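This report goes through selected local features of one protein model. It covers a helix, several loop residues, the pockets and the ligand surroundings.

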Amino acid sequence: MDIGHNVREILREIDEAAKRAGRSGAEITLVAATKTNPPEKIREAVLAGIRDCGENRVQELLEKKSLGAYEGARLHFIGHLQRNKVNRLVGEVSLIQSVDSSELVNMIAERASALGIIQDILIEVNIGGEDAKSGVAPEKLEELLEICESRRAVRVRGLMAIPPIAAAPGGNRRYFDQMHKLFIDIKAKKYDNISMEILSMGMSGDYEDAILSGSNMIRLGTAIFGPRQPLR
Ligand SMILES: *Cc1c(COP(=O)(O)O)cnc(C)c1O
């Protein structure tokens, strides 16, 4: 697996998809989803031009961070966040992408406040309404944002979504379009303490569609690193 080659190809495809949407590739942030990949491979990706890495597990993130795996890149948390891991995570990453409840918002704010920092977050939306998925239901989103308005140690920078696994190519366009509409509607409402700048959606199988629907942050694992080995 030639990681450098993959990264260059992907950057070119991002550029093309962006142009088809009348945008520029420079507007789109490529986050390498690094779960299960060892520090050497992550460093290879950073050398090839990756500027953002996303991890799914707090323990794995802290271990790999202590080994210098992400040096030269910003670090994101993109996995399901357990409450008992919040205190270890806050302050370790530039962006926590997977915040989906008032409990998590409150815990992150409390920890950030104790550290004297402001923690940037995204709100994860369960756009496909799937029972087994994380994310706040679209109809509960505004209620959650209203809570975030007064939590000054967190700053909501946008939205994240993981749509259902598509049965056919293009199958997720409607979810991506729904997310983009939510993003635009919320931006227009000008909530206090909330800046709708980031719309994080699109993975290896569907990132071009996500870009066509208005995504400006995609999270790719397989396309960069190849198929994942099961962890431990
Ligand atoms: C693993 C993962 C990705 C990347 O998935 P690929 O299909 O390998 O590109 C993106 N987002 C999240 C939240 C992930 O857990």
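A residue is called buried if its relative accessible area is under 20%, exposed if it is over 50%, and partly exposed in between, with a 1.4 Å probe and protein chains only. Helices (H or I, at least four residues) and strands (E, at least two) are DSSP runs, numbered from the N terminus. The model is predicted: local features need pLDDT of at least 70, side-chain atom pairs count only at pLDDT 80 or more, and totals for chains, interfaces and linings use all residues. Residues are numbered from 1 along each chain as its sequence is written, and side-chain values use heavy atoms, with hydrogens and water left out.

**Helix α3**

Helix α3 spans residues 58-66, and V58, E60, L61, L62 and K64 in this helix are buried. Contact means heavy atoms within 4.5 Å. Just after α3, G68 has a positive phi of about 80°.

**Loop residues**

S213 sits in the loop between α8 (207-212) and β8 (217-220). S213 counts as buried because its relative accessibility is 4%. Leaving aside residues up to four places away in sequence, S213 touches R173, F176, D177, H180 and M201. With R173 there is also a polar contact, side chain to side chain, at 2.8 Å. A polar contact is a pair of N or O atoms within 3.5 Å; within protein, one must be able to donate a hydrogen and the other to accept it, and residues adjacent in sequence count only if both atoms are side-chain atoms.

S150 is in the loop between α6 (141-149) and β6 (154-161). Its relative accessibility is 47%, so S150 counts as partly exposed. S150 and P169 are 19 residues apart along the chain, and their C-alpha atoms are separated by 41 Å.

Two residues other than glycine have a positive phi: T36, near 70°, and N193, near 65°. T36 lies in the loop between β1 (29-33) and α2, and counts as partly exposed because its relative accessibility is 25%. N193 is in the loop between α7 (173-189) and β7 (194-200); at 19% relative accessibility, N193 counts as buried.

**Pockets**

A pocket is defined on a 1 Å grid over the protein atoms alone, as an open set of points where a 1.4 Å probe fits, with protein on both sides within 12 Å along at least five of seven lines; lining residues have an atom within 4 Å of a point. Grid points are joined across faces, edges and corners, and a volume is the space filled by probe spheres set on the points.

The largest pocket holds about 360 Å³. It is lined by 17 residues, of which K35, N56, I78, I162 and M203 are the closest to its centre. The second largest pocket has about 230 Å³. Its lining has 16 residues, and P164, I165, N172, M203 and D206 are the closest to its centre.

**Ligand surroundings**

Which residues are around the ligand? They are A33, K35, N56, I78, I162, M203, S204, R219, L220, G221, T222 and R228, where near means a heavy atom within 4 Å.

| Protein atom | Ligand atom | Distance |
|---|---|---|
| N56, polar side-chain atom | oxygen | 2.7 Å |
| R219, side-chain N or O atom | nitrogen | 2.9 Å |
| G221, polar backbone atom | oxygen | 2.9 Å |
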